[in-house]
Amino acid sequence: GSMVLVWEWWQGKQHRRRVREQAGNCPGLLVGGNSCTGEGEGSDGPQRNWNPVQSNWDFAARAGASEREVLRELRFNLKMNRTDSKEIGDAERNGTNIVGVDKNGFLTPEGLKAIGVPTYSALWKKGGQVVQQAKKILSARYSLDDWQSVLKARLHLEKSVAYRQMDRHVFQLKGDKKWAEILLNSEKKKVWDGGNGVLAALADAKWSFTPCNCRIKDCPICKHEYQLRIVLESLHEIE
């Protein structure tokens with residue numbers, strides 16, 4: 001009920017306050033580093049994953065699923081057309097394709113158009129459409145349902161940030177090493193188990209890796225960090 005949501009909101013706010021005090025309001029430090037890194041503007045990596053979640057440690061897909069819930073709570077359109085009962089991110093009737101999502105987990109141009117944005121990044125950041133929509137819902141005379149929708153959206157944002165922290169940590173460990181998929185999954189499972197659940201990284205800022213400062217085009221670590229940063233900016237704006 002509403003009291004549970006209020007309690008979760010208060011707990012989350014206290015966690016974020018403690019993390020910001022430790023990090024000095026630097027997003028790079030919020031993931032356990034010791035310096036700020038560049039945004040990596042324009043990075044469109046595999047971390048934007050709207051494919052179905054395969055396991056607890058499928059962090060990219062879990063982040064995508066959380067971000068989808070953010071859009072749903074904030075009343076973004078998630079249907080390709082009004083007559084279709086399925087939403088963007090649902091499995092199509094053939095059971096193999098995903099509505100509005102390509103085989104790599106990216107929203108298709110048609111999917112982005114249906115949502116109302118030119119790129120996925122346009123949803124996030126301080127002035128992104130997610131923040132603007134939250135402010136719109138809470139403008140003027142808003143109802144309890146309006147407040148609860150924005151609160152739920154922010155809680156999903158917290159989960160997305162935590163999943164993306166975990167995902168970025170795995171790729172920091174991997175570096176330029178070549179890992180077989182079975183080893184990659186094994187390392188992800190260790191991170192999940194060590195994280196003691198989804199919000200541990202966000203609550204405790206426990207990761208101890210060094211942020212990537214390479215500035216190399218198409219660096220996979222920078223791509224993961226960029227997506228984490230822009231979602232984190234949205235979270236900070238929806239208090």
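Predicted model: local features only at pLDDT ≥ 70, side-chain atom pairs only at ≥ 80, totals over all residues.
**View 1. Glutamate 67 and arginine 164 pair up across two helices.** Side chains of opposite charge can pair when their charged atoms come close. Here, the side chains of glutamate 67 and arginine 164 form a salt bridge, with 2.7 Å from N to O. Look for glutamate 67 in helix H3 (residues 59–73) and for arginine 164 in helix H6 (residues 144–174); the two are 97 residues apart, so this pair links distant parts of the chain. Both glutamate 67 and arginine 164 are buried.

**View 2. Arginine 68 meets aspartate 90.** The N to O distance in this salt bridge is 2.5 Å. Because arginine 68 sits in helix H3 and aspartate 90 in the loop between H3 and helix H4 (109–115), their pairing ties together parts that are 22 residues apart in sequence. Arginine 68 counts as buried because its relative accessibility is 14%, under the 20% cut-off. Aspartate 90, at 24%, counts as partly exposed.

**View 3. Arg68 and Asp90 belong to a network of salt bridges.**

**View 4. Arginine 75 reaches a partner in helix H6.** The side chains of arginine 75 and aspartate 146 meet in a salt bridge of 2.8 Å, N to O. Arginine 75 lies in the loop between H3 and H4, while aspartate 146 belongs to helix H6, 71 residues apart.

Methods. Residues numbered from 1 in each chain as written. Heavy atoms only, no water. Salt bridge = Lys/Arg side-chain N within 4 Å of Asp/Glu carboxyl O. Helix = DSSP H or I, 4+ residues; strand = E, 2+ residues; numbered from the N terminus. Buried < 20%, exposed > 50% of the residue type's maximum accessible area, 1.4 Å probe, protein only.
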